[in-house]
Amino acid sequence: MSLNHIRKPILIIGAGIAGLSLARTLAAHSIPAIVFDDASETRRQGFGVTLRSWGYDSLLKRAGVTAQDFQETVATDAAVGGHGYISTTVHDVYTGTDLIKMAHRPGAQMVTQEFFRANRFRLREFLMKGRVNERSPIDVRFQHVFEGYEVLSDKKGVVAKFANGERVEGSILVAADGVHSTVRKLVLPQILPSVLHSVTFNGIINLPRKEFDTTSLGTMMEKNNVYIGMGDLFNISLAVNDQTDSEVELSWSYSRPIKSLLDPESDTLYERNAEDPNMIKEAFFDEIATFQPSLASPFAEIFASESIRKTVRYQWVMRSIRCSREDLIETAWQRSGLVVLIGDAAHAMPIFAGEGGNHGLLDGVQLGDLIAEHSKNQDEGMNVAIQTFYDGALERWSDALDGSEKRLNGLNQPIQTWRKMAAAKAAVSEEK
Ligand SMILES: Cc1cc2nc3c(=O)[nH]c(=O)nc-3n(C[C@H](O)[C@H](O)[C@H](O)COP(=O)(O)OP(=O)(O)OC[C@H]3O[C@@H](n4cnc5c(N)ncnc54)[C@H](O)[C@@H]3O)c2cc1C
């Protein structure tokens, strides 16, 4: 298939990070594309994600936006003039003292800051609209629930079908519809997410600005958007989701490994309430009560029994998806026909300690550039583009999946191990 054949738009299912990054890149190459999303345009996704320069640099280059402008537009504290600064120091939850600094990625280039905290909703707005008030360079159609697709004879294109009865013809179908991807379920039904051996809860705290500024939280998180605490085989993190002159929204998370690898089901908190993940089991509150009295500020206040009940919202499940080259090229692209998977649909990784958003951004740019580069004149251009994309991406995804699972496990050490590490680091610094 050549670019002459892709005058039909590329159909992208999912207006998340990966789908929008691809659509922006294709728009920069003047290749037609339509993005479909099942949600409404006003759906707010207010949480924060850590973005890394290796994930967003190439997108910014194509969009002609500097890293500083990007941070000032999408950071969790952008509305109060911040850049999403993240301190890498982790704290002892029992004493409140500093333990160690989480390693920065070796060899990474510092643009302004190598990583920063972005608000997910502002990031989506940026990806869709470019700079504030700019006309969107991409065609995004909300409230389009993708249900199925057909391949046209001689693989001349695809027709995507939506729950509202619409059928839209395009050149290829890109699955960017996230971890529970409907497209993946159709073309690779055998690929199921693995549920990792972790227990994680999340809560939201909304504070009037004045109250935030005058509590210990405000002091500890002044200009810092993520505050991490290590306990005995568990960790707690506090993060700014958004802040304005009048209000601060924070989220907390509590995470630990399951109690027995040999018998995961014996851990009453391993499986969340299947009908409603917002229904929090009493066993969670009982568990928090066992260590809350020994916590230092601000953890003690946040995890106090009456506060935690008011703020807890959700039990997260850590999932990962791994697809092989054969799944992606031979089955989804060649046999099922003209389907490419990117983002979480292809390689979901744990949301905690994972880098799925960054890989989604990179997937979009790399795939878009390769389609533009290879599809121009050769008949087999699209085939070459897709295979070249997977050749590079599969190794990157596999390394990222391994790394994220390793980091997730590494976060949970006995507190004595953290303290020994901190003492060893301090001794080395003194010797220098
Ligand atoms: C709380 C939280 C914190 C996270 N923190 C980080 C972090 O710090 N760093 C990081 O790199 N990553 C982080 N992640 C992960 C990151 O958000 C995901 O990896 C990233 O959003 C994946 O992008 P995506 O475009 O593949 O999928 P998504 O962003 O999930 O987008 C998929 C889109 O497809 C749409 N869709 C689904 N089904 C259909 C259908 N049938 N029809 C039409 N549309 C459909 C959905 O509505 C959605 O908009 C975090 C995730 C969460 C939830």
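The model is predicted, so local features need pLDDT of at least 70 and side-chain atom pairs count only at pLDDT 80 or more, while totals for chains, interfaces and linings use all residues. Residues are numbered from 1 along each chain as its sequence is written. Helices (H or I, at least four residues) and strands (E, at least two) are DSSP runs, numbered from the N terminus.

**Helix α1 and its two partners**

- The axes of helix α1 (residues 17-28) and helix α4 (residues 120-129) come within 9 Å and cross at roughly 25°; axes are lines fitted to C-alpha atoms, for helices over the stretch in contact, and angles run from 0 to 180 degrees between N-to-C directions.
- Helices α1 and α4 are therefore roughly parallel to each other, a label for angles under 35 degrees, whereas those over 145 count as roughly antiparallel, 65 to 115 as roughly perpendicular and the rest as oblique.
- Helix α1 passes α4 in a left-handed crossing, meaning that the near helix is turned anticlockwise from the far one by less than a right angle, with clockwise counting as right-handed.
- On the α1 side, L20, S21 and R24 meet R124, L127 and M128 of α4, where residues are in contact if their C-beta atoms, placed from the backbone, lie within 7 Å.
- By class, this contact of α1 with α4 has three nonpolar, one polar and two charged residues; Ala, Val, Leu, Ile, Met, Phe, Trp, Tyr, Cys and Pro count as nonpolar, Asp, Glu, Lys and Arg as charged, and the others, Gly among them, as polar.
- Helix α1 also packs with α13 at an angle of about 30°, their axes being 7 Å apart, and these two helices are therefore roughly parallel to each other.
- The crossing of α1 and α13 is right-handed, and the residues that meet include I17, A18 and S21 from α1 and G357, G360 and L361 from α13.
- In the contact of α1 with α13 there are eight nonpolar, six polar and two charged residues.

**The seven-stranded sheet**

- An open sheet of seven strands runs in the order β5-β4-β14-β15-β16-β13-β17 with mixed pairing, where two strands pair if DSSP finds at least two bridges between them.
- Its edge strands are β5 (98-101) and β17 (312-316), each of which pairs on one side only.
- Within this sheet, β14 (residues 226-230) and β15 (residues 235-243) pair in the antiparallel sense over five bridges, and the bridge partner of V226 in β15 is A239.
- Helix α15 (residues 415-431) packs on the sheet, touching β4 (89-92), β5 and β14, and its direction makes about 70° with that of β5.

**The three-stranded sheet**

- A further open sheet, of three strands, has the order β8-β9-β10 with antiparallel pairing, and β8 (146-151) and β10 (167-170) are its edge strands.
- Four bridges join β9 (residues 158-162) to β10, and K161 stands opposite R167 in β10.

**The shell around the ligand**

- The ligand is surrounded by 31 residues, of which the closest are G14, G16, G178, G343 and G356; a residue is near the molecule if its C-beta atom, placed from the backbone, lies within 6 Å of it.
- Two or more residues each are given to this shell by α1, β3 (48-52), α12 (344-347) and α13 (356-374), and the largest share, four residues, comes from α13.
- By class, the shell around the ligand has 13 nonpolar, 13 polar and five charged residues.

Key: Contact = placed C-beta atoms within 7 Å.
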